[in-house]
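Dear colleague,

Please find below the structure that I am handing over to you. My findings follow it, arranged by region.

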Amino acid sequence: MATTLKNVIVVGGSYVGKATAQELARIIPSTHRVLLIEPHSHFHHLFAFPRFAILPGHEHKAFIPYTNLFTSLLPPSENKTTNNTVIQARVLSVHPHHITLDRPWPESPTSSPQIPFDYLVLATGTRLTEPAGMRDNEKMASVAYLQNHQNDIKNAQSILIAGGGAVGVQMATDLKEVYPDKEVTVVQSRNVLMPQYHPALHGLIKKRFDELGINFITGSRIAVPETGFPTETPFEVQLTNGTTLPSKYDFVILATGQTPNTELLNSLPPSTSTSSHSSPSAQPEESLLNPDNGFIRIRPTLQFQDKAYPHLFAVGDIADTGLRKAARPGAVQAGVAARNINALIRGEDRDRPLEEFPRQPAGIHLSLGLKYNVVFRNPDEAAGQTEPTIIERDDGRDDMGVEGWWERMGVKIHKPQQYHL
């Protein structure tokens, strides 16, 4: 008689979710399987979107099939089968021991949209404004969006970028290299660009902006009209500080803000609450989310902070780690969460404490043009460092070395046509 496999579910198949699912598949016992739930038909290589929204000819490479995500982990053999799988669906709600999808689960005998689980990892990240993130779930529609964006940029002469974070900075420098005759202006709400980092990064970016002739305005935001920007060009732009920019802009790129994807937790109640009979000194109900930023409260083990849910984990951008939201620390968290779930499954947590995620200085690999790029890390103050680490390179490629990401997803490229899979 066949034994029913127990489910370990990972919600969200971007960088950190993908890493978590693969690490779980490598280490958990055969009594369990990994189900990765992701609404997109393909893995979205977000790092390439800013470049491919400007430079034509590579946009189809940014969407990689999930087909070999788990089978690529298996040793070479003729029998490439695995119980782990990717399900294209959106999770509508999370409950203590099951999730609800936006469509029937194929394995359900009653066509139910519910999937039970023993352990769950949320890696839902944040919503990004196009072109930093795609609105459509299917590859063809997303490729078409990037192509249309390329044409809009090609036809514009004066371009305004709202946001001086990594996306805005990278798009500005790419734009000026691809189209040196176009006017490019970046508007940043803070007084410096990329303020999460040591001030040396602002100085480095400013130098690059000066070299390329990029304008930038700090200390205010663009006031986005409720009906969107005019279709007739050029048009004037209002800033939130009351300033009106001249009527010369043809196109605005929004590169601002990240909204946590936490709506699926609305059906999951906190374990403690107060009643009408509670004393005035009773502690108020504690939300699963940090009200200051909307991210999931977690323990150092990446389990939900709420002790009613030791089998629920959060990793990457959605987790309130106190670290900068980036793929590199998220990948480390993926490994920690996977190992802790494996320890819980095997009962190893009874013998030793679960692993805690490390706290490291913020760092970034930032492209500042088609070739020039920089690796920047804030000083490790705990180790006595006072100056950042700066490694400048001139080895960039037009497609940003996307082939390597296809191979990480288990697709080895032998001919260019494979990028259209």
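In what follows, two residues are in contact when heavy atoms of theirs lie within 4.5 Å. Please bear in mind that this is a predicted model.

I begin with a loop residue. Threonine 301 is located in the loop that connects β17 (258-260) with β18 (312-314). Buried here means under 20% relative accessible area. Because its relative accessibility is 10%, threonine 301 counts as buried. Which residues is threonine 301 in contact with, leaving aside its neighbours within four places in sequence? They are Phe313, Asn340, Leu354, Glu355 and Glu356.

The next region is built around strand β11 (residues 158-162). Five of the five residues of β11 are buried, so the strand is largely enclosed by the rest of the structure. In a regular strand, side chains alternate between the two faces of the sheet. In β11, Ser158, Leu160 and Ala162 point one way, while Ile159 and Ile161 point the other way, and all are buried. β11 is joined to β12 by five bridges, and these two strands run parallel. With strand β16 (residues 251-254), β11 also pairs in the parallel sense, over four bridges. Isoleucine 161 has a residue opposite in each of these strands: valine 186 in β12 and isoleucine 253 in β16.

Together with α4 and β12, β11 makes a β-α-β unit that is right-handed. Helix α4 (residues 166-178) has 13 residues, which should span 18 Å at 1.5 Å a residue; the end C-alpha atoms are 18 Å apart, so the two values agree. The helix is mostly covered, with ten of its 13 residues buried. Among them are Ala166, Gly168, Val169, Met171, Ala172 and Leu175, and also Gln170, Thr173, Asp174 and Lys176.

Helix α5 (residues 199-212) comes next. Its 14 residues reach 20 Å from the first C-alpha to the last, close to the 20 Å expected at 1.5 Å a residue. Leu201, His202, Leu204, Ile205, Arg208, Phe209 and Leu212 are the buried residues of α5. Why do the buried residues of α5 line one face of the helix? Seen down the axis of α5, they fall within an arc of 165°, and therefore they line one face. Pro199 and Lys207, on the other side of α5, are exposed.

What do the buried residues of α5 pack against? Their partners are helix α4 and the strands β12 (183-188), β13 (215-218), β19 (363-367), β20 (373-377) and β21 (389-393). After α5 comes glycine 213, with a positive phi near 80°.

Finally, there is an open sheet of three strands, paired antiparallel in the order β6-β7-β8. Its edge strands, β6 (91-94) and β8 (114-116), each pair on one side only. On average, neighbouring strands of this sheet are turned by 25° against each other, direction ignored. Strand β7 (residues 98-101) is joined to β8 by three bridges, and the two run antiparallel. Isoleucine 99 has isoleucine 115 in β8 as its bridge partner.

With kind regards

How values were computed:
Residues numbered from 1 in each chain as written. Predicted model: local features only at pLDDT ≥ 70, side-chain atom pairs only at ≥ 80, totals over all residues. Heavy atoms only, no water. Pairing = 2+ DSSP bridges. Axes fitted to C-alpha atoms, helices over the stretch in contact; angles between N-to-C directions. Buried < 20%, exposed > 50% of the residue type's maximum accessible area, 1.4 Å probe, protein only. Expected span 1.5 Å × (residues − 1). Arc of directions from axis to C-beta. Right-handed = clockwise from strand over helix to strand, strands pointing away.
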